[in-house]
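Open the model in your viewer and keep the selection tool at hand. The tour goes from one selection to the next.

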Amino acid sequence: MLFGLLDLEWFRIKSDVIDLIMDQRKIYYFDNNATTKVAPEVVEAMLPFLSEQYGNPSSAYQFGKFAGEQVRTAREKVAAMINADPRDVIFTSCGTESNNSAIHSALVTQPGKRHVLTTAVEHSANIKFCEFLEKRGFEVTFMPVESDGAIDVHLLEKSIRPDTAIVSVMWANNETGVVFPIEEIAAICRSKGVLFHTDAVQTPGKLKIDVADTGVDFLSLSAHKLHAPKGIGILYVKRRTKYQPYVIGGGQEQGRRGGTENVASMVAFGRAAELAMASLDDENTRVRALRDRMEKGILGKIPDSVRNGDPTSRLPNTSNVAFDFVEAESVLLLLDQAGICASSGSACTTGSLDPSHVLVAMGLTPARARASIRFSLGIYNTDAEVDYLLEQLPPIIAKLRAVSPLKPQPA
Ligand SMILES: Cc1ncc(COP(=O)(O)O)c(C=O)c1O
């Protein structure tokens with residue numbers, strides 16, 4: 001018993017020391033496509049709903065009704081960010097659930113149609129669900145992409161079949177930042193009478209989203225990519241589109257998604273949506289310039305480094321670079337020791353030894369794909385942080401190349 005208490009005390013001291021070290025160690029965060037820092041304004045907005053305002057929005061008394069009103073306001077704010085009617089916005093638990101729900105609904109509401117058309121470069125939230133469907137007898141076409149990551153819309157049009165239930169194409173790629181022509185694809189789908197879903201998880205705060213203009217039937221978002229907490233997303237469903245819920249239970253979300261509302265996170269998402277609209281300009285001017293300076297610096301200072309993906313039709317914050325003759329995992333390890341966070345592939349596949357399916361689909365050799373790193377910036381990045389990265393990265397690559405068996409030896 002005494003030992004137990006001493007152990008506990010020792011554990012507490014150890015945790016305090018770790019916290020102290022972590023506090024003092026500055027993090028240079030270049031992984032904003034994986035997740036983002038929760039904005040202080042967002043924390044402030046959600047805090048009351050994690051403490052004294054714990055009412056259930058479905059309760060009939062005032063204490064619950066107040067929570068319900070906050071959910072309604074939050075829905076209006078998220079809807080405003082994508083120019084949607086708030087009634088067409090369903091809160092979900094994440095982007096993955098939103099993607100799964102859209103495809104699931106299209107198949108269940110059109111039982112005669114058993115084909116899904118998507119691309120080979122979607123997030124695993126889409127690819128893995130489609131692979132699951134294939135195992136259950138549905139047919140899926142994973143469209144290829146060009147070497148710059150772009151999609152051939154004519155091929156997409158030709159790939160739509162009479163039994164296609166839904167076309168699902170992401171708005172912007174999370175690994176390369178390459179942006180797809182969503183308006184054009186939506187128009188093709190409309191002319192063919194096929195439902196269209198877009199995974200727009202990487203888009204808010206970086207590109208303007210207008211569901212009315214674009215004419216998409218379904219659109220997925222995830223709050224943790226725009227400075228709100230993890231575990232909350234939305235699925236936009238266009239008015240009069242048939243919808244079959246994926247999570248079935250209580251009558252929440254007008255019967256379209258069961259489960260007691262995550263009030264604090266919904267409020268957070270609403271506040272983050274307001275901030276994302278306000279930071280759209282900053283992201284497209286200051287953050288873009290920062291990204292461009294970082295990329296130019298990397299490509300200029302490090303020989304045998306190559307940018308992956310179309311440099312123009314791209315998110316303003318993302319840069320994916322291959323450093324030939326090194327393994328990205330080793331680079332990331334040394335960057336981590338310098339306090340720098342970046343990634344190879346998507347965060348959901350980190351640790352996998354397979355090369356990125358996105359880069360392989362673009363025709364990169366497995367070796368070059370394994371040598372590629374994604375740097376994704378955000379509104380909190382500064383010039384000084386980019387300077388630090390440009391100072392740290394070249395010697396790390398040089399050090400690894402010096403001992404790399406992959407580097408050709410001079411003749
Ligand atoms: C393009 C894209 N889609 C979907 C997801 C999954 O979102 P969530 O983490 O909210 O499930 C991500 C997350 O990385 C993403 O980048």
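How far from an oxygen atom of the ligand does a polar side-chain atom of T96 lie? Select T96 and the ligand: the separation is 2.6 Å. Keep in mind that this is a predicted model.

The ligand on its own has 390 Å² of accessible area, and the protein covers 92% of that.

Now select the whole shell. The residues surrounding the ligand are C94, G95, T96, H123, M170, N174, D199, V201, Q202, S222, H224 and K225. Colour them by kind, and the shell divides into seven polar, three nonpolar and two charged residues.

Keep K225 selected and move to V116. These two residues are 109 places apart along the chain, and their C-alpha atoms are separated by 26 Å. Select residues 115-119 to see strand β3, in which V116 is found.

Is V116 buried or exposed? Its relative accessible area is 0%, and it counts as buried because that value is under the 20% cut-off.

Last, show what V116 touches. Leaving out residues up to four places away in sequence, select I103, L107, C130, L133, E139, V140, T141 and I166; V116 is in contact with each of these.

Notes. Residues numbered from 1 in each chain as written. Predicted model: local features only at pLDDT ≥ 70, side-chain atom pairs only at ≥ 80, totals over all residues. Heavy atoms only, no water. Helix = DSSP H or I, 4+ residues; strand = E, 2+ residues; numbered from the N terminus. Buried < 20%, exposed > 50% of the residue type's maximum accessible area, 1.4 Å probe, protein only. Contact = heavy atoms within 4.5 Å. Near = heavy atom within 4 Å. Polar contact = N/O pair within 3.5 Å; in protein donor to acceptor, adjacent residues only side chain to side chain. Areas by Shrake-Rupley, 256 points an atom, 1.4 Å probe, with all protein chains shown as cover. Nonpolar A, V, L, I, M, F, W, Y, C, P; charged D, E, K, R; others polar.
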